[in-house]
Structures are given as structure tokens and as C-alpha cells.
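User: I've got this one open on my screen and want a quick tour. Can you walk me through it?

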Amino acid sequence: MTQNAQPLFARPSLLHKPGTASWLIRNNIRTRLRSKSSASRLQATGRNIVLLLLLGYAIAELGGRIARALAVLDGDYEYPPYLLNAGIMLSAFAISLLGSSLISAYSVFTDRDDLDLLLASPLPPQRILTARLLQSAYGAALTTTLIGTIAYGYSIVTVDIRFALIFPVLMSFMLINLAVSFVIARCLLLWFGLRRGRTIAMVAGFVVLICGVLVFQINSMISSQSGKAILAETFGPGFEPSLIALLTPIGRLAFGQGAETLVLSGVAVAVFMGVGAFFWDRFAADAALMAGQSQHIPSGRKTSKIKFRHAILMATIIKEWRSMLRDPFVMVQVATPLVSLIPMAIAIWSLNQPSAVLKGQGLPEGTLSIIIGFLVVMFGGQVAGTLAWTAASIEEAGDLLLSSPADGGKLFWSKALATAIPSFVFLALSMMIIGLSDPLAALLGLGVGSIGLACVGAVEFLRPRPARRVKMTQRPDRSVISIILGALFSLLWATAAAMVIGGQGFWSLIPMSIGIAALIFVWASSPKSVVWLARSPKVGAAGGPWRA
Amino acid sequence: MSAPNSLSALSVTNLVKNFGPKRAVDHISIELAPGAFYGLLGANGAGKTTTMRMIAGLLAQDLGTISVFGKDTLDDPRGVKSMVAWLPDEPLLYDKLTALEYLEFVCGLWSVDRLLGEQRAEDLLRWLDLWDVRDQRCEGFSRGMRQKTALAGALIHDPKLLLLDEPFSGLDAAVARQVKDLLVQKTKEGATIILTTHVMEIAQRLAQTIAIISDGRILAEGDIEHLRAFADMPGSSLEDVFITLVDRQAAAAKAASPHALGAGWS
């Protein structure tokens, strides 16, 4: 070793002294950031932006309700009383937040990536726990800061510091929310074991999140007696009063009544620390459970008789379906676009009610079918894309398939069918609704929609991105180009389907032609060295497995 | 280039594989009779796995020929694959499938008769002590259970040639004994086995022929006595013979770029 060489390790900073909780957090954040590909980082950023927009939208809407309720109490607002309504809205919002934070709390609390290494080191287990709790708090602070940006911006525009002072209040709510999430996550771990607990946390978190959103929206529509209520009041003339009204009471709380803010913050910190203290002495046992040293054994597991299916086609389809159905992450991704249809369906339904028509807010005849057709193909495309991605890019035993004498074509088509059948069933069932009033339009829509879903699926098979199922929850490896292309195809074919249903068959040829041309372009530009099976970079070479 | 011997279980002739500028396999030739147990020893990156992957049909060779029971891997890859089982060092199972469902899928891949597959699955699962966990998903299995499940998958289609890459890594002594017994049993039934391992004791005990591979080339091949004679180390252990031969091969390269431990090591 040369004498004047640079030191191999970075000099420890005062903030991140080796062995401290902050040092552990820094290491964890750094490794997580570096483990993500640029595409998935972009994806994550995009997701965060969408999430923030949704949150901003929800906050603005919620703010209007709360503001009116509070203003009515003050007697200086002309809106009708909304106190109960505001309470329901606030609860719905809190429920949604709890659902989303439960998923992340379980993931952080039970993270096994470096657990063995950390437990093997002389660090006390409690410090690992502290780092995990603080890391979540850091994430919550980051989210709060991002949400608070709206307030900061408004504070600057209006030169009113009250709006910027909502941070401690929001952060307090976030901390309490986190503490509750961690308690539930630990209960799930203890009651159901690591894997089943994770499944339950993800499914329950997702269901709770969606329930909150649904309650929020349905209540909004019922209370306003108009399907257009949300859009009209959020982005219409009511938007600014809503925003001000949301922020003012909270700002007032922070600025005008500092003692209450202080108490709220103190309570939040105390609750969070209380949860930490409760977990403190129990973490070593919890970690043993996570590491599998004391495996949770589910009771009453049934045993089955051996019954094999012979055909490779069916065997592979069944294998793919089993893998999808048993993977909560995939199911959540599939369920999201489907569940997203529900509020839209309610909105469309309400606009088609006689009362809405009488008020002049109804839809023209036939429009309902067109909208349903468009939405079904659009969202069905997202489902088809997700399923195709999991089948095309996630192959856990690629070596097994490649070393087998099974025909590559059969394997390919069985994977394609495994993804196409559920999407097609969804499309067909949805089109039956249109078929009740116009069977021919439904049939045409089914045909065009089916081609659309096949195109979206084909993108994923033409541009596979090898990914590991076990890492999906932490590092979705889906190609961002495939996501964009899938959305584009969904839009094009949804437009075509809507036009066909609306009787504009000739004009629908335009989006269809663009869609087919785009697919040909995708096929021509797809990387030929990579085929649909992951982990097989050499497949397709002379003498390779499928080119006999 | 010699024509493959149709009586051979495996005939590999002048096999070459390059990865960019690096030559991973450098003119390797292997000839195995049916029922042979062949051990391939080498350091990490010596070319063992690449050789095995080419025989299994996962990689195409740049030069040379591979023939399994008279069938060429390039001319009839599916015919060859129907006789071969490949078990990689990291058993790649389907986490969301149960052990039984995994075996069912493997039977589908190799077109094993349904009733025969069910019978073999039961036999293998019972033999490998996996019967009681047959309905549990592979994601919950320990390393040893995963390895045994993958081994059951490799054996369920009754292959004539078994390619096993580090099959004993991570297995405890009891499980390793089970697997060893099973492999010996398979060779007695006529199966040919190629095994890579870092554990000299396993190679010495199981393999009739041992090849020492380094930098993509086979340095020596034969039974233990032959290897001792080749290294001029009578009475030495296989480990000593292996290290000596590999060291001789790498001596020149090591001399060119020495990496001594620094003063931090006491």
C-alpha cells in the first residue's frame, strides 16, 4: 500500500457517527437509492408527483368542507352547515392515510435485507429499531414538507406567515398516524407470521386506502346532490376559498394559538416515543421472528392429494395464475385500475339519473355507453399491461424452462394466454353492460378493445425487463418506456373503442391505424438480443434453446 | 476433431466459450461412459459453471461439439434436453408455488406421464423428507429444503445425465448425506452425473473421475491416485494436490501483480 494514498473510508461526520441510529439511517437510504435503476427512480418520482397532486386535490376539497363548517360556526360564511359532512370527510382522509402508511410501516419494520448483518454486529438491537422508526418519521417529515409546499407557496404569495405554520400540525398528525401503523404492523407480524402478515398488510392497507377515498367521494356527491360537485367546487370559483379555508384554521391554530399547537406536537411525539418504548425490549424477539429463527406456523393447513395436469400449455397457465393470485403486490397493481373505475362509474351513473337530467346536468343519450367503453378499455389496458409484465419479465426459474425440452412457442403462448384471459374476461363483462342497450355496439367495442388489450400486452412481451418477484415490493423494475407505451396504446384503443361504440366506425380507423403502426414500430425497434424469457441473455443465439 | 462416441453418455470435444475478450472455457474435452460420476473441481471463475451451462443447452459454445448419448446439442437440442437435468447452484424455484405444484409443472415441461409423475413425486418427496411440507409454498422453505425440492425436480423426469452445480452448498450434514445417497443410487441405476463442488471430501468420496479446472482449462483428470501422480505428490490429500496444481498454473500471473496484505493485518 502506498503511503500517500487517499483513505479508503470516508471520514466520519459528526452527524453520522458510525454505529449511531442516524448512521444506520443514512446507510439504509443510500443503499436504497443506489439499488434503484434510473427508470424506476423516474417511475417513483412520477408516482410521487401523481400522489402529491391527488393529495393536494383531496386537501383542497376537504379544506372547503372544513372551512365552511368552521365558518358557519363563526357565523361569517354563507354556505349551509357542513359540520357532520366535514367530519366524515376528515375521517375518510385519515383512513386513507392510515391505509397507505400501514403498507410502508410493515415494509420498514420487517425489512430483512440487512437484518442478519445488523443483528450479527455488536450494535444493540434497539438501535436498529430506533433507526427504523426514525427512518419512517423522516419519510413522514419529507411527505409533510412536500404537502406543506402548497402552504409555503401560498404564504409567500399572500405574505401571510400563518399558512407556513401548518407544518408542526401536519407533522403531528403524521407521527400519530405512523405510530398507529407500526402497532398494527407488529400485530400482523405476530399474529400471522412474516409472509402472511405482509400479504394481509398490503391487502388491508390497499382496501382501507380505497375505502377512505370512496367514502370521501361518495359522501361528497351525496351531500352536494350532484356528480359534478367535486370538480365544480374544486377547480371552479370555489377552489381558492377552499384552499384558504383549509389552511386558515390550521394556520390560525399554529399562529394564534401556539399553546394548542405545542400540546398537539407534544402529544404526537409522546405517542410516537411511547410506541418506540413499547417495541424497545421486544424487538430482539420480533427480529428473530423476521429472520425465521422462530417460524410462525399457520394452523390447520390442509394437505392435498397428488393430481398432476399433463399438458404443458395448461400447466404453465395454471403456474402463472397461481403466481399472480398469490402475489399481493401484483393483485394490488391489478386491483388499482379496476377499483378506480368504481367512483367514476358512480359519477356517470348519477349523471344519468332522472333527477340530474331534469336539472339539465344529465348525459345525452348514448354518451354513457361511449364513456364506459372508453374507460373499460383504458383501465383494462392497464390491467393487461401489468399482467403481461409479470408473465414476460418475471421468470423465477428461467434456467429450468431453458434446460427443458418443452417447446418455446408453447411456453410463450401459455404465458400470453395466462395474461390475456383475465383481461379479456374483464372487458367482456364490462361490455355486457353496454350490450344491454346496444348489442352490436358492445360486440364491436369488444372486438376493438380486445385488440387494444393485446397490443398493450404485446409491448411487455416485446420489451421484457428481467425482474425478481421477491424484490418487486421494494424495487419495481418495470421498464418506464413500456409503461409509457402501454398508456399510449390504452389511450389510442380506448378512443377507437369509444368511437366504434358511438357509431363513428370510419373515424375510428385513424386511432386504430396509429395503434397498429406504433405496434409495428415497437416490434421493429425491440431489442432482438433479448427475448421474452428473463435471465436468458443468450437465448436465440445459434444453437440456442428455442432455435432447434 | 474426433467424432462423438455413440456409446458415450457425454462426449465434449474442444469446447471453447468467450465472453468478450475473456476466454471462459478453453478447449475442454470430456468423455464419460454411462453410469459415471464425474467431479469438476475449480476455483471461483475457473469455468465450471460455463461448461455445465453449455452442456445443459443454456449457452451456445463458440467452438467444439457436445454430444449426449450420441445426440449433438446443436443438431437436436430438444432431444438432448429430454435426457438431461440441470441443477444450478442457486435453486430457482417458484416462490408462490408449493413443492407439489412445482413438481407438477416440471412434469409438464418434460412431458412425464401423469400417473408416472405422481408416483415419482410421492417417492421423491418421501425420500427427501419433503412429504409433510408438500403443500407449503417454496417461499417459506429453508435453503436445504429449497435445494432438495430443486433436486426432486431434477430427478422427476428420470434423466440420463445429471448436471449438478454445487448441490451441497448450504446443506447441513444430514441433508447432504441424504442427497449423496440418492446420487449414488442414481449412478447405480445407470445415470451419469457431473458434479461441481468446492468441498474436496465430497468429490473424493463420490466421483470416480475428478477433473481440476483452472482458467477455463482442465489441468488434470483421473482418479485420486492419478492426480497425485500427476502432481508428483504421492500420499497427499486431494486438497493439497488441487491447490498445488492451481498454484502452479497461476504462479506466473501472481508474480506479475502481487497483492500482499497491508500492515493493518497482524
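Analyst: One term before we start. A nonpolar core is a set of buried Ala, Val, Leu, Ile, Met, Phe, Trp, Tyr and Cys residues joined through C-beta atoms within 7 Å. Also, this is a predicted model.

User: OK. How many residues are in the largest nonpolar core, and which have the most contacts inside it?
Analyst: The largest core has 87 residues. Those with the most contacts inside it are B:Tyr38, B:Tyr102, B:Leu103, B:Ala152, B:Ile156, B:Leu163 and B:Ile193.

User: Which helix gives the most to that core?
Analyst: Helix H3 of chain B, residues 99-109. H3 contributes eight residues.

User: And what is B:Tyr38 in contact with, leaving aside neighbours within four places in sequence?
Analyst: B:Leu32, B:Ile193, B:Ile194, B:Leu195, B:Ala207 and B:Thr209.

User: What about a second core?
Analyst: There is a separate one of 53 residues. It includes A:Met431, A:Ala441, A:Leu446 and A:Phe461.

User: Switching to chain A, then. How many helices and strands?
Analyst: Chain A has 20 helices and zero strands. Of its 548 residues, 41% are buried. Among its contacts with a separation of 6 or more, 79% link residues 24 or more positions apart.

User: What is the average pLDDT there?
Analyst: Chain A averages 69, and 56% of the residues score at least 70. Over residues 529-548 of chain A the pLDDT is below 50. That stretch has 50 contacts in the model beyond near neighbours in sequence. Residues 294-300 of chain A also stay under 50, with six contacts beyond four places in sequence.

User: Let's look at helix packing. At what angle do H18(A) and H20(A) pack?
Analyst: About 10 degrees, with the axes 10 Å apart. H18 covers residues 439-462 of chain A, and H20 covers residues 509-525. The two are therefore roughly parallel.

User: Which residues make that contact?
Analyst: From H18(A), A:Cys455, A:Ala458, A:Val459 and A:Leu462. From H20(A), A:Gly515, A:Leu519, A:Val522 and A:Trp523.

User: And H18(A) with H19(A): roughly parallel or antiparallel?
Analyst: Roughly antiparallel. Their axes cross at roughly 170 degrees and come within 9 Å. H19 is residues 480-501 of chain A. The H18(A) side of the contact includes A:Ala441, A:Gly445, A:Gly449 and A:Gly452. The H19(A) side includes A:Gly486, A:Phe489, A:Trp493 and A:Ala497.

User: Back to chain B. What is the strand order in the four-strand sheet?
Analyst: S2-S1-S4-S5, an open sheet with antiparallel pairing. S2 (22-32) and S5 (71-72) of chain B each have a single partner strand, so one side of each has no neighbour in the sheet.

User: How many bridges between S1(B) and S2(B)?
Analyst: Eight, in the antiparallel sense. S1 is residues 10-19 of chain B. B:Leu10 stands opposite B:Leu32, and B:Val12 has B:Ile30 as its bridge partner. Their hairpin has two residues between the strands, and B:Gly20 in it takes a positive phi near 65 degrees.

User: How many bridges join S1(B) to S4(B)?
Analyst: Five, again antiparallel. B:Thr13 stands opposite B:Thr65 there.

User: Which helix packs on the sheet?
Analyst: H1 of chain B, residues 48-55. H1 touches S1, S2 and S4 of chain B. Its direction makes about 120 degrees with that of S1(B).

User: What about B:Asp72? Where is it?
Analyst: In strand S5 of chain B. B:Asp72 is partly exposed, because 16 C-beta neighbours lie inside 10 Å. Beyond four places in sequence, B:Asp72 is in contact with B:Thr65 and B:Ser67. B:Asp72 and B:Val12 are 60 residues apart in sequence and 9.9 Å apart C-alpha to C-alpha.

Technical notes: Residues numbered from 1 in each chain as written. Chains lettered and ligands numbered in written order. Predicted model: local features only at pLDDT ≥ 70, side-chain atom pairs only at ≥ 80, totals over all residues. pLDDT = per-residue confidence, 0-100. Contact = placed C-beta atoms within 7 Å. Buried ≥ 20, exposed ≤ 12 C-beta atoms within 10 Å, placed from the backbone. Pairing = 2+ DSSP bridges. Axes fitted to C-alpha atoms, helices over the stretch in contact; angles between N-to-C directions. Parallel < 35°, antiparallel > 145°, perpendicular 65-115°, else oblique.
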